[in-house]
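Me: I would like a close look at a single part of this model. Please keep to computed values and give the cut-offs.
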Amino acid sequence: MSDTQRKPLAIPPALRPGDAISIVAPASSPQRDRFEAAMANLTARGYRPKTYRDFCTPHGFLSGTDDERITELEAAFRDPETTMVLAVRGGYGCGRILDRVDFGLLAARPKIVCGYSDLTALHAAIQRRCGLVSFHGPNLVAGLGAGGEEQGAETEASFAMFSGQNLRDLAAPARYNVRMLSIGVAEGEMIGGNLAVLMGLLGTPDEPDFDGAVLLIEDTGEEPYRVDRMLTQLRTSGRLGQIAGAVLGYFSDYDKESRPTVDEVLAEFFGPLGVPVIAGAPFGHEHPNLPLPMGAIVRLDADAPGLELLQPVVLS
């Protein structure tokens, strides 16, 4: 599908003080003490966090059985008083349940959905199945409810965006060390998120549409050769050649003594594409992890460098 054929996605209502925020764990479990502290911090900000089950006791590497996690998500999507659905953390597990979740509940009652890492799979499904903008951004425990100075920038940027203010922080390279990798300007729909999770979506009904899109990727704990392997698959499958541009976030927690480095691997794959690419953008598994509205139309200016929203992302 070309970008001229893309239909604008629906956008959720804005978040207001006093609104209910449904906390869900579609992937792994949080530590109970960190979860309780994060809930208290969210309440102190004037919101009403609510949960549907006890998800702090792990079920293997998941926060619960598939049925429990599906029931929880659908309850949050159905809830008439909930304005926002916020992942408590990432980990692993979203991809296991996508084919069984009733996304029609979310389409019928659009809400802000926010999270990152394993939530990449949920965002892709929301774009495909609901036609709704959702937010690759901080989760509860390590982000919006953490309450620390380190999370301050992402917390304020997130709540500003959710309340209806556009984000322009990515246009400040001096502040965030955003740098040009390949020059040019492009407009398109944002897709992507965590690279490893994205690879698991290829060939499934929830695979994002790469054609004419602005691709965002980040990852953690992936050595350079594994990043190379994933990008090789994107290139040889033809998907990398379809994008209009790319925004590269944090690639963290790997052996910095490895050669080539992850940065060198990224430059090898993205440099020759002939589309605008910026690197070092502030999103992913480090701080600040700024919110990015998946499915929204953006202008990527690698010459500036910067990323600009071309549409509202919530209904003010």
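Is Ser117 buried or exposed, and what is its relative accessible area?

Reply: Ser117 is buried, with a relative accessible area of 12%; buried means under 20%, exposed over 50% and partly exposed in between, with a 1.4 Å probe and protein chains only. This is a predicted model, in which local features need pLDDT of at least 70, side-chain atom pairs count only at pLDDT 80 or more, and totals for chains, interfaces and linings use all residues. Residues are numbered from 1 along each chain as its sequence is written, and side-chain values use heavy atoms, with hydrogens and water left out.

Ser117 sits in the loop between strand 4 (112-115) and helix 5 (120-130). Helices (H or I, at least four residues) and strands (E, at least two) are DSSP runs, numbered from the N terminus. Not counting residues up to four places away in sequence, Ser117 touches Gly90, Gly91, His136, Asn194, Val197, Glu218 and His285, where contact means heavy atoms within 4.5 Å.

Glu218 lies in strand 8 and is buried at 0% relative accessibility. Leaving aside neighbours within four places in sequence, the contacts of Glu218 include Ser117, His136, Asn194, Tyr250, Phe283 and His285.
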